[in-house]
Amino acid sequence: MEKIFIFDTTLRDGEQAPGASLNPSEKLEIAHVLADLGVDVIEAGFPISSLGDFNAVQKIAKSVKGPAICGLARAVKADIDAAYNAVKASSRPRIHVFLATSKIHMQYKLQKAEDEILRLAVEALRHARKYCRDVEFSPEDASRSDRFFLYKVVEAVIAQGATTVNIPDTVGYAEPQEFGSLIRDIKSNVPNIDDAIISVHCHNDLGLAVANSLEAIKSGARQVECTVNGIGERAGNASMEEIVMAIKTRRDIFKNIDTNIATSQIYRASRLVSKLTGFTVAPNKAIVGSNAFRHESGIHQDGVLKERSTYEIIKPEDVGFTGTSLVLGKHSGRHALKERLKELGLALNAEQLDKVNVRFKALADKKKDIFDDDLIAIVEDEIKTVKPVWKLVSFAIHSGTRVVPCAEIKLKYKNKDLCGVSSGDGPVDACFKAVDKITGIKGELQDYRIEAVTKGKDALGEVSLKLKAKSKIVTARGSSTDIVEASVRAYINALNKIEAL
Ligand code: KIV
Ligand code: ZN
């Protein structure tokens, strides 16, 4: 098996996405998840760019074990010094030096001629190699650079000890066949190319970043630079999860090639990056979008329930996706409804299912998506809750800013008064825990809302909650002018429903 090294630049190029700034502790949290994911290199930042970034890279280098920790540097000594100082605490430090080689960048941005660029690249490499054995060089805007000059620069930096040469498609201009042939041409025109790993770094301006990266792998690249959720400058970078899953899913094309990625961690990493950057993932985004594994049409749902591979090329659990795969709507059939109810712990007999199905179809005509709460409400309505098993007799709480909240609850159960006491994270939590102690049922609260149902200071508060216990999920409400009492009533109502189902 040949390995493709995954160089993750979520914390550097990803963070360059407009509006995506992360503080040092957020960067550290993401870096730990990237290490769990099994990436080979974490590009943790651009240390010279700010003291905050320097500190973040240094923190990551000190505490994240496993991947190489890399800092970016322009081809100038001060940048390289800062990059090395930031990553040196890692057991696997890497310095990544970049310098543009395209005419357009050399003329307008750098105002330097080819000879000067070549000299600066060589000097930068020499300087970086004094610090570190692992040095990567990127001829920025390589895909728009003159081929012969590019070969010359790549050969020169390898001769100075560059261990990885990264070929960036900086502005996402390349097209897959063209980019693949650029990699093959570099392989056949740079005499010492086998002394370094060829890497690629593709941007997504034309939506081709992943396609270009895959083509480069087919042509001999052995490192890909990418980001979680494809975030990055402008239209972003190549998406890590798409590259990894394409290689894994199309083994027939990517023969004897694999990455180190623990794919079951992909969804977790995607959620975290989305949450901390504030960049929501489009529902239809490949691999990590909320719709990526959802089937709505009745024909598709029926097919998937009979044999998943009819409409699924990736198992959702392979990327750690745990949500439901069936979205119920007006196109859904009885089969899908039954399965979803089963997943919610609501096993109905045929007659009950028929009744629920009629109500479900009527609702689906009015509402596009039918959520779990809607289904639960229909079922509860159709299969009326039987006599309550537990009844609230009384409750007392002790709470405040300087005390640990504590609750005492009395419930009636089969004509007996049972008492439970517990502390908790607040008076409501303490009450719920005291109820759990009495009933012996461990409820998992999945949703909790409180609303004023009347106006004024003496408003009636209504608590609605969603509770999971004994593998069943129910919703319940409780109201009172005392919000703690409303909460306790809602919780006990939920438990009674669970007992009745
Ligand atoms: O897009 C680019 O060229 C870069 C380099 C620094 C590798 O991000
Ligand atoms: Zn980039």
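This is a predicted model: local features need pLDDT of at least 70, side-chain atom pairs count only at pLDDT 80 or more; totals for chains, interfaces and linings use all residues.
Let me begin with the ligand. Which residues surround ligand 1? The shell is made up of R12, D13, H96, F98, S138, E140, N166, P168, T170, H201 and H203. By class, two of these shell residues are nonpolar, six are polar and three are charged. As to where they come from, four elements each contribute at least two residues to the shell: helix α1 (10-14) and the strands β5 (93-100), β6 (135-140) and β7 (164-169).

I turn now to the polar side chains around the ligand. For T170, a side-chain N or O atom lies 2.7 Å from an oxygen atom of ligand 1. H203 places a polar side-chain atom 3.0 Å from an oxygen atom of the ligand, and for H201 the corresponding separation between a side-chain N or O atom and a ligand oxygen is 3.1 Å. How much of the accessible area of ligand 1 does the protein cover? On its own, ligand 1 has 260 Å² of accessible area, and the protein covers 95% of this.

Next, the helix packing. Two packed helices are described by the angle between their axes and the distance between the axes.

On the α8 side, the contact involves P176, Q177, F179, G180 and I183, which meet A211, N212, E215 and A216 of α9. This contact comprises five nonpolar residues, three polar and one charged.

The other pair is α16, residues 427-439, with α17, residues 483-500. Here the axes come within 10 Å and cross at roughly 35°, and α16 passes α17 in a right-handed crossing. From α16, the residues P427, V428, C431, F432, V435, D436 and T439 take part; they meet V484, S487, V488, Y491, I492 and L495 of α17. Of the residues in this contact, 10 are nonpolar, two are polar and one is charged.

That concludes the presentation.

Technical notes
Residues are numbered from 1 along each chain as its sequence is written. Chains are lettered from A and ligands numbered from 1 in the order in which they are written. Side-chain values use heavy atoms; hydrogens and water are left out. A residue is near a molecule or strand if one of its heavy atoms lies within 4 Å of it. A polar contact is a pair of N or O atoms within 3.5 Å; within protein, one must be able to donate a hydrogen and the other to accept it, and residues adjacent in sequence count only if both atoms are side-chain atoms. Accessible areas come from the Shrake-Rupley method with a 1.4 Å probe; for residues, only the protein chains shown count as cover. Ala, Val, Leu, Ile, Met, Phe, Trp, Tyr, Cys and Pro count as nonpolar, Asp, Glu, Lys and Arg as charged, and the others, Gly among them, as polar. Axes are lines fitted to C-alpha atoms, for helices over the stretch in contact, and angles run from 0 to 180 degrees between N-to-C directions. A crossing is left-handed if the near helix is turned anticlockwise from the far one by less than a right angle, and right-handed if clockwise. Contact means heavy atoms within 4.5 Å.
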